[in-house]
Amino acid sequence: MEYDTVREVDPEIADALSGEVERQQNTLQMIASENHASEAVMEAQSSALTNVYAEGYPGARYYAGCEYADEVEELAIERAKELWGGDHVNVQPHSGTQANMGVYLAVLDPGDKILSLDLTHGGHLSHGHPANFTGQLFDVEQYEVDAESGYIDYEAVKDKAEEFDPDIVVSGYSAYPRTVEWEKIQDAADAADAYHLADMAHITGLVAAGVHPSPVGVADFVTGSTHKTIRAGRGGIIICDEEYADDIDAAVFPGAQGGPLMHNIAGKAVGFEEALDPSFEEYAQQTIDNAKALGETLADHGFELVSGGTDNHLVLVDLRESHPDVTGNDAEEALEEVGIVLNANTVPGETRSSFNPSGIRAGTPPLTTRGFDEEATRTVGDLIAQVVDAVAEDNFEEVRDDVEAEVAQLTDEHPLYE
């Protein structure tokens with residue numbers, strides 16, 4: 001990926017683009033919400049469809065010249081239905097947040113009530129944080145995970161729903177390492193006669209592969225990201241019953257956004273086709289196996305894992321017991337210096353600022369895309385522990401070069417784009 005054509009026009013941007021490829025090639029990406037798209041997905045996303053302004057939906061556009069845009073969007077919808085089921089699929093949301101916005105606009109009025117998981121306990125901004133439009137337009141109450149176990153207390157969620165009487169209950173999370181029991185959240189929604197929005201943004205690919213239970217057919221609305229564990233074009237998706245189809249479509253366009261990003265929808269379609277290959281199930285299971293190996297390795301080094309482990313693609317580490325003087329930011333910055341890229345994260349019962357929290361979150365989807373197995377992932381876990389221990393002992397500079405060399409060896413052994 002040399003970006004020669006870009007370089008002829010704009011060498012500064014070409015340098016940045018080439019630099020980003022090199023960064024991804026030569027570092028271990030472990031941001032739980034990231035992945036490495038295939039070259040086919042990226043080629044589709046850079047296609048001539050970026051020139052098409054296809055406002056509306058297939059067969060009902062507001063512009064001429066949408067013959068191939070219709071074909072691409074219809075294929076994306078058909079493949080999504082094959083992956084996840086559901087009566088109706090909208091593939092136009094530009095992101096998972098805008099997919100959630102589409103649901104809220106379809107069934108809620110300003111001032112209506114949302115019950116969702118607190119951000120510091122693993123929720124998401126678009127579920128009701130005051131800095132987000134949801135917290136500004138709606139009346140939000142939030143539930144928490146059990147501080148001791150790290151698990152969602154579903155009976156407590158049901159009790160909260162009966163007390164708060166929300167109009168919609170939100171499930172699906174951004175930093176919850178355990179299986180989501182969708183039916184139990186549905187029980188809470190039923191107790192309040194509320195809608196249920198299941199946001200599977202992080203686990204969209206795991207659900208498609210059948211290695212995590214599906215919320216489709218349980219919740220009224222299912223939203224997700226299309227670029228995380230599913231590895232398709234960047235954006236969002238909404239799945240719902242046919243009775244909500246018109247309201248959802250109108251809420252997405254023209255309610256929440258204008259013309260769809262047809263080049264991204266092409267990337268979604270290509271990624272969905274890749275996920276329909278039987279090998280994708282192996283990838284998804286390996287992602288989980290790698291996350292378990294990572295968690296076990298960190299636990300062996302004395303790190304405290306929220307909930308004690310993981311059932312999915314991520315581990316959430318609470319540093320307060322094992323490394324009380326190391327913040328999430330301290331760990332994130334030191335690890336990035338040696339080529340391991342993950343993020344500082346709040347933990348249940350957070351006692352520090354969300355800008356410098358007490359935990360770190362690490363995901364295995366990008367490593368798995370590169371071909372890492374459990375053994376290689378355990379090696380990464382050993383390196384993470386070595387760095388964080390060194391930060392705590394104030395001897396990071398003594399281990400930095402050695403860890404950096406081991407990271408370089410791992411990236412060489414598992415090339416990304418050859």
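At what angle do the axes of α4 and α11 cross? Select both helices in this predicted model. The axes come within 9 Å and cross at roughly 35°. The crossing is left-handed.

**Stop 1: the α4–α11 contact**

Show side chains on both helices. From α4, the contact uses Ala69, Val72, Glu73, Ala76, Arg79, Ala80, Leu83 and Trp84. From α11, look for Met262, Ile265, Ala266, Ala269, Val270, Phe272, Glu273 and Ala275. Colour these residues by type: 13 are nonpolar, none is polar and three are charged.

**Stop 2: the largest nonpolar core**

Now widen the selection. The largest nonpolar core has 55 residues. Pick Trp84, Tyr173, Met200, Ile230 and Phe272, which touch the most other members. Elements giving two or more residues to this core include α4 (67–84), β5 (113–117), α7 (154–164) and α8 (182–191). Also among them are α9 (204–208), β10 (236–240), α11 (262–275) and α12 (279–300). The largest share, seven residues, comes from α4. Colour by domain next. Domain 1 (43–276) and domain 2 (279–413) both contribute residues, so this core lies between them.

In general, nonpolar side chains tend to be buried together in soluble globular proteins.

Centre on tyrosine 173. Beyond its neighbours within four places in sequence, tyrosine 173 is in contact with Leu117, Gly122, Tyr143, Ile152, Val180, Ile185, Asp199 and His202. Then select Leu28, Leu298, Val399 and Val407. They are among the 33 residues of a second, separate core.

**Stop 3: the two domains**

Zoom out to the whole chain. The division is into domain 1 (43–276) and domain 2 (279–413). Their centres, taken over C-alpha atoms, are 28 Å apart. The contact between them takes 24 residues from domain 1 and 24 residues from domain 2.

**Stop 4: helix α14**

Select residues 328–337, helix α14. Which residues of α14 are buried? They are Gly328, Asn329, Ala331, Ala334 and Leu335. Their cover includes α13 (319–322), β13 (340–341), β14 (343–345) and β15 (359–363). The cover also includes α16 (374–392) and α17 (396–413). Just after α14, stop at glycine 339, with a positive phi of about 100°.

**Stop 5: arginine 352**

Move to the loop between β14 and β15, where arginine 352 is found. Is arginine 352 buried or partly exposed? Its relative accessibility is 28%, so arginine 352 counts as partly exposed. Leaving aside neighbours within four places in sequence, its contacts are Arg320, Pro324, Val326, Thr327, Pro357 and Ser358. Draw a C-alpha to C-alpha distance from arginine 352 to valine 252. The two are 37 Å apart in space and 100 residues apart in sequence.

**Stop 6: backbone exceptions**

Most residues other than glycine have a negative phi, and most peptide bonds are trans.

- Phenylalanine 253 and proline 254 are joined by a cis peptide bond, with omega about 10°. Proline 254 is found in helix α10 (residues 245–256).
- Arginine 231 is not a glycine, yet has a positive phi of about 65°. Look in the loop between β9 (221–225) and β10. Arginine 231 has a relative accessible area of 18%, so it is buried, the cut-off being under 20%.
- Serine 307 also has a positive phi, near 75°. Find serine 307 in the loop between β11 (304–305) and β12 (314–318). Relative accessibility is 12%, so serine 307 counts as buried.

How values were computed:
Residues are numbered from 1 along each chain as its sequence is written. This is a predicted model: local features need pLDDT of at least 70, side-chain atom pairs count only at pLDDT 80 or more; totals for chains, interfaces and linings use all residues. Side-chain values use heavy atoms; hydrogens and water are left out. A nonpolar core is a set of buried Ala, Val, Leu, Ile, Met, Phe, Trp, Tyr and Cys residues joined through side-chain atoms within 4.5 Å. Buried means under 20% relative accessible area, exposed over 50%, partly exposed in between (1.4 Å probe, protein chains only). Helices (H or I, at least four residues) and strands (E, at least two) are DSSP runs, numbered from the N terminus. Domain bounds come from an automatic or database domain assignment. Contact means heavy atoms within 4.5 Å. Axes are lines fitted to C-alpha atoms, for helices over the stretch in contact, and angles run from 0 to 180 degrees between N-to-C directions. A crossing is left-handed if the near helix is turned anticlockwise from the far one by less than a right angle, and right-handed if clockwise. Ala, Val, Leu, Ile, Met, Phe, Trp, Tyr, Cys and Pro count as nonpolar, Asp, Glu, Lys and Arg as charged, and the others, Gly among them, as polar.
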